[in-house]
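Good morning, and thank you for coming. Please look at the model on the screen while I take you through its features in turn.

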Amino acid sequence: MSTLRIGCFLAAIGIAAAGGGALVQSAPAIAAKLQNPLESDEHAPPAGAKLYARECASCHGVNREGRRNAPSLNRPAVQAAAPGTLFWVLRNGSLHRGMPSFAHLPEAQRWQIVTYLRGR
Ligand code: HEC
């Protein structure tokens with residue numbers, strides 16, 4: 001194998017190890033089609049903020065800025081994600097990479113968190 005080919009091989013492994021980017025980008029496209037039933041519920045953002053503080057801040061930071069063990073949720077890939085995609089992430093987590101599943105929370109609470117994350 002030439003040095004060049006080994007270099008390409010290592011670069012490919014590097015990309016694969018990064019998971020091709022954000023977890024939100026690994027959600028199936030169909031997840032994005034799910035509508036947030038609480039999108040325009042004025043109580044959803046404050047309720048979601050409370051849930052976030054309780055369930056998520058320890059890993060993702062009080063202001064979603066991310067911490068050593070978990071990515072920022074303010075980054076563009078997450079902010080651009082559809083509500084249904086975020087809902088999918090909360091349902092499934094990423095267990096082998098340290099993101100728990102929140103399937104045990106009632107669906108309404110998960111949508112409240114999604115509403116809060118999207119800042120609307
Ligand atoms: C125990 C630590 C932990 C907790 C608690 C946690 N997360 Fe995560 N979260 C992670 C890790 C680690 C990742 C990165 C997983 C990956 O890259 O596969 C992640 C990824 C995510 C992503 C995808 C980010 C991206 O860049 O694609 C979202 C969205 C997310 N978490 C939201 C939440 C929300 C909302 C909560 C609370 C309901 C929460 N997380 C609770 C550790 C945590």
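This is a predicted model: local features need pLDDT of at least 70, side-chain atom pairs count only at pLDDT 80 or more; totals for chains, interfaces and linings use all residues.

What covers the buried residues of H6? The covering elements include H2, helix H4 (76-79) and H5. Contact here means heavy atoms within 4.5 Å. Helices (H or I, at least four residues) and strands (E, at least two) are DSSP runs, numbered from the N terminus.

Residues are numbered from 1 along each chain as its sequence is written, and side-chain values use heavy atoms, with hydrogens and water left out.

Let us stay with helix H6. Eight of its 11 residues are buried, and H6 is therefore described as mostly covered. Buried means under 20% relative accessible area, exposed means over 50%, and partly exposed lies in between, with a 1.4 Å probe and protein chains only. The buried residues of H6 are Arg110, Trp111, Gln112, Ile113, Val114, Thr115, Tyr116 and Leu117. Just after H6, Gly119 takes a positive phi of about 65°.

Helix H5 is also mostly covered, with seven of its 10 residues buried. These are Pro83, Gly84, Thr85, Leu86, Phe87, Val89 and Leu90. H4 and H6 are among the elements that cover them. H5 is followed by Gly93, whose phi is positive, near 60°.

We turn now to the aromatic rings. A pair of aromatic rings is described by the distance of the centres and the angle of the planes. Rings of Phe, Tyr and Trp (its six-membered ring) pair if their centres lie within 6.5 Å; planes under 30 degrees apart count as stacked, over 60 as edge-to-face and the rest as tilted.

How many aromatic pairs does a search of the whole structure find? It finds two. One is formed by Tyr52 and Tyr116, with 5.3 Å centre to centre and 45° between the planes, and this pair is tilted. Tyr52 lies in helix H2 (residues 44-55) and Tyr116 in helix H6 (residues 107-117), so the pair ties together parts that are 64 residues apart in sequence. Tyr52 is buried, with a relative accessible area of 2%, and Tyr116 counts as buried at 18% relative accessibility.

The other pair is formed by Phe87 and Trp111, and it is stacked: 3.9 Å centre to centre, with 10° between the planes. This pair links distant parts of the chain, since Phe87 is in helix H5 (residues 83-92) and Trp111 is in helix H6, 24 residues apart. Phe87 is buried at a relative accessible area of 8%, and Trp111 is buried at 4%.

Arg64 lies over the face of Tyr116, at 4.8 Å from the ring centre. A charge sits over a ring if NZ of Lys or CZ of Arg is within 6 Å of the ring centre and within 35 degrees of the ring normal. Arg64 lies in the loop between H3 and H4 and is buried, with a relative accessible area of 16%. Although Arg64 is not a glycine, it has a positive phi of about 65°.

The next topic is the metal site. Which residues are the protein donors of the iron atom of the ligand? They are His60, through NE2, and Met99, through SD, lying 2.0 to 2.1 Å from the iron atom. Donors are N, O and S atoms within 2.8 Å of the metal (3.2 Å for Na, K and Ca); water is not among the atoms, so sites may look incomplete.

The site is octahedral, with angles of 88 to 179° among its six donor atoms. Four donors count as tetrahedral if all angles lie between 85 and 135 degrees; four count as square planar and six as octahedral if opposite donors are over 155 degrees apart and all others between 65 and 115; anything else is irregular. Ideal angles for six octahedral donors are 90 or 180 degrees.

His60 is in helix H3 (residues 57-60) and Met99 is in the loop between H5 and H6, 39 residues apart. Both His60 and Met99 are buried. Not counting residues up to four places away in sequence, His60 touches several residues, including Tyr52, Arg67, Leu73 and Met99.

Finally, the cysteines. The structure holds zero disulfides, a disulfide being a pair of cysteine sulfur atoms within 2.5 Å. Cys56 counts as buried at 9% relative accessibility, whereas Cys59 is partly exposed at 27%.
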